[in-house]
Number of protein chains: 2
Amino acid sequence: MSSVISAPSQDGAPPAHTTAARAAARASGAAPALAALSLPTRARLLRRLSHAMGENAGHLAAVAEDETRLGVERLRGEIRRTQTQLEMFADVVEAGAFLDVMIDPPDPGARPAPRPDIRRMLVPLGPVAVFSASNFPFAFSVLGGDTASALAGGCPVVVKAHDGHPRLSDLTGELAADVLPPGVLTVVHGRETGRDLVTDPAVRAVGFTGSTSGGRALFDLANGRPDPIPFYGELGSLNPVVVTPAAVAARGADIVRDYVASVALGQGQLCTKPGLLFLPAGHGLEDRLRETFAAMRPAPLLGLWISTAYRATLAELAGHSAVRPLHLSREPDDARTGAPALLTTSAEEIRTRPELLAECFGPASLVITYTSADDLLDTLRVLPGALTATVQGQQDEDGALFHRLSAVLQAGRLIWNGWPTGVAVTAAMHHGGPWPATTSPLHTSVGSRAVARWMRPVAYQNFPEDFLPEAVQLGNPWNVPQRVDGPWKPAD
Amino acid sequence: MSSVISAPSQDGAPPAHTTAARAAARASGAAPALAALSLPTRARLLRRLSHAMGENAGHLAAVAEDETRLGVERLRGEIRRTQTQLEMFADVVEAGAFLDVMIDPPDPGARPAPRPDIRRMLVPLGPVAVFSASNFPFAFSVLGGDTASALAGGCPVVVKAHDGHPRLSDLTGELAADVLPPGVLTVVHGRETGRDLVTDPAVRAVGFTGSTSGGRALFDLANGRPDPIPFYGELGSLNPVVVTPAAVAARGADIVRDYVASVALGQGQLCTKPGLLFLPAGHGLEDRLRETFAAMRPAPLLGLWISTAYRATLAELAGHSAVRPLHLSREPDDARTGAPALLTTSAEEIRTRPELLAECFGPASLVITYTSADDLLDTLRVLPGALTATVQGQQDEDGALFHRLSAVLQAGRLIWNGWPTGVAVTAAMHHGGPWPATTSPLHTSVGSRAVARWMRPVAYQNFPEDFLPEAVQLGNPWNVPQRVDGPWKPAD
């Protein structure tokens, strides 16, 4: 078939005087040299970024606290987590398995056709735009997981700073500029600049953490380009928690305590906050739930834009005819403060009223009562995709129910007898899930596999050995894991 | 942030009486049992599909020849290739590495936070829609690479048959129905049904091989859904071939012979046909090119819709003021026949006239002359992404030029002193590339990694051992490769 194929570099290039275009051009200029760095050198940059954060942790935390009110202790912990992420990706780079090298030696006698020499590896996509999150000013921000994984993959990054912490973003960007080659990381500000980045011809992929509506708008922009680019968005998630009748009977009080603590973490401003708690009808925990929620201290949210949205969504849910409040207090005088709230409804109502599945970002949650296993399962089937789904059960009694549950829960991480908040930074972690949890169910934004979002395969056919990148040479001078004509071969 | 999240199963479900909705519902019903099959059982199904094709090769080839006119010998070869693909994915399933199992044991003392037990593996996405290609009635059709890789991943498939070979599609579908459980593979027909499939709530991903315009329209549908789904399209590719001055001097005549043979393969109806040949100005090969092209025999194309589009695109290119025909014959009387054509222009013209980069699907190609290495490189930079890019050079003389070339060529497969047509079915093959070669530069439609398109990761946190899928149990009853807290551990 025939059609005119236009080159991306000639289409829709914004005027070079915009902030986005300048930042993207800087990133583009820095891309070849970054991609050409040896793996140890690339890893060293990541370790030096971690070191710079550690050296400046006190100052960083103070600026962050001033802007976000998340609490200095939590912010110091988040700085350490961000350092851990940078160091994990340094490990990933040094191990070399992320290049996914595969080598098929030639076979002139192969059927149905002779087989050429094929060496395959992953190469960087090019400049990446990262939209940082409000609720993790370090771990999902300028030097957060998206940036760390993109740098690990060899891609320069332009970070669109979140409006909730602009000074911290600039400060972090300055620390990074002392470590990284020019153009490898640029911090920009403003909604319009963010949109320009997504459509800039030099930008080859986008990472985003934020609201479903904001993420969807940028996702549509990325896919509407003349040359669509990958868009990795982490959007909304209800993170259902199912409590079995056996678990209520065995340890109902403990479950209430830990559930409320999980909702309260970060004032409910975590993407993994348990937004739905499924309890058997007649659970007998209403008073305890009410009391425990009432003991939560109202606290300032990340900004006025969060508290305003929180109050509006909460008012709509609490006023719904199918919903009964379990704990509601009057709106605090301070407009930035969000009062904890607990509502309840039935599983049957959830199945017929999709408006009850609104994500209420802040310290609120919804208790859903179910009358039978079928009532529960039918309701779980209509839930949208989530980052997490949790089952609180009794191992000896709930085996059969558990297997039915795990067949219908649509989530990136399934948790048994734990709580979804607190995403461990480990190699195998998966932080993602079906829409609307993310825009791309295949990928994670936490864990070692996050680097795969920023790379694409290239196959080299019949190349002379010394024309090939080091990683796919049979002599293996970079000592990376190579799968040569068969099972994976780990590096020494 | 707050926003209403609607469950996919409640949005935009087409009336259940449409062909697409029925097929998708059948696939949905078959999904859990298919996903639950043991790996050896899943592999056996793929081998039995290959066996069924081999047993019926004569009949299949005859029906295909009647519909496509590709030639019985080529079609028998394509059947063997399709069998090889099915068997390769059976190998992939048996080896188990495609599940990408990673296990992080718990560490209560980890900093900055205790580490839970995390087991990660890939699970099937669910029902997949596959749009088959006109030009490979077996290898990219009902039981082609998309279907084979989706079945390997544990996903049921609904194939939208190509209008160019409907009887063959039904025949292949019937063979498959004798092997597979009900609902695992369904063949449907018609453009409207294809569009309905892409927006059907039960369909979780789409594979497509075809034109840039057709693919783009379906890509936009998939991304415009209330719940966007992954769309893997292989669209248009110009497959540039660069010949260095040294190569022209050393073996110009051989290069002309092999280039024309590559253009002629399948009457130019291959996605990897070399559409652009870069030659140094004053190459002295014009007469030889003209003669060799003139010796090609005009032959019927896949269908009237192809020959019509071919003639229209060719007429536009040949009539362009910046283009000079090297070989053009008058239009054959048979409307389905496409006459070979060779045109020429300069690198400078390509840089300023993007309309010259139209893909002309059929036995035509464009020779582009360059005056210097810079002229060549500047022009390569404006080319759109391609499935392949080839360099014909002299290893001893072209080292410096080669490294500059490989830095600017944007393609999924780079070839040295070979030709792009003939995609070897090997584990490491990458058949993909940046837009518009594909809609997703991270993925391949050929080779063992093609299965990754149909799977998503799930992390299991703190699960009792016997609640876990076999593949992530520490006892490893399925004997799959597991990466346990460190480097990859191959299966015995």
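Predicted model: local features only at pLDDT ≥ 70, side-chain atom pairs only at ≥ 80, totals over all residues.
A bend of about 95° is located at Arg251(A). The buried residues of α9(A) are Ala247(A), Val248(A), Ile255(A), Val256(A), Tyr259(A), Val260(A), Ser262(A), Val263(A) and Ala264(A). Their packing partners in chain A are the strands β9 (240–243), β10 (276–280), β16 (364–370) and β17 (386–392), together with helix α10 (286–294).

Chain A is divided into two domains, with domain 1 spanning 13–235 + 442–484 and domain 2 spanning 240–416. The side of domain 1 that touches domain 2 has one nonpolar, four polar and two charged residues. In this contact, seven residues of domain 1 of chain A meet eight residues of domain 2 of chain A. The centres of the two domains, taken over C-alpha atoms, are separated by 34 Å.

The largest nonpolar core contains 316 residues, of which Leu46(A), Val206(A), Leu46(B) and Val206(B) touch the most other members. Beyond residues up to four places away in sequence, Val206(B) touches Ala129(B), Val198(B), Leu218(B), Ala222(B), Ile229(B), Phe231(B) and Tyr232(B). Phe208(B) is situated in strand β7 of chain B, which covers residues 205–209. Phe208(B) is classed as buried because 28 other C-beta atoms lie within 10 Å. With neighbours within four places in sequence left aside, the contacts of Phe208(B) are Phe131(B), Gly215(B), Leu218(B), Phe231(B), Tyr232(B), Gly233(B) and Glu234(B). Between Phe208(B) and Glu192(B), 16 residues apart in sequence, the C-alpha to C-alpha distance is 15 Å.

Backbone geometry was also examined in the loops. A cis peptide bond joins Trp435(A) and Pro436(A), with omega about 0°, and Pro436(A) belongs to the loop between β18 (411–416) and β19 (455–461) of chain A. In chain B, Trp435(B) and Pro436(B) are likewise joined by a cis peptide bond, with omega about 5°; Pro436(B) lies in the loop between β18 (411–416) and β19 (455–461) of that chain.

Asn417(A), although not a glycine, has a positive phi of about 50° and is found in the loop between β18 and β19 of chain A. Asn417(A) counts as partly exposed because it has 18 C-beta neighbours inside 10 Å. Arg69(B), also not a glycine, shows a positive phi of about 60° and occupies the loop between α3 (57–68) and α4 (72–95) of chain B. With 17 other C-beta atoms within 10 Å, Arg69(B) is therefore partly exposed.

How values were computed: Residues numbered from 1 in each chain as written. Chains lettered and ligands numbered in written order. Helix = DSSP H or I, 4+ residues; strand = E, 2+ residues; numbered from the N terminus. Buried ≥ 20, exposed ≤ 12 C-beta atoms within 10 Å, placed from the backbone. Contact = placed C-beta atoms within 7 Å. Bend = angle between axes of the 7 residues up to and from the residue. Domains from an automatic or database assignment. Nonpolar A, V, L, I, M, F, W, Y, C, P; charged D, E, K, R; others polar. Core = buried A, V, L, I, M, F, W, Y, C linked by C-beta atoms within 7 Å.
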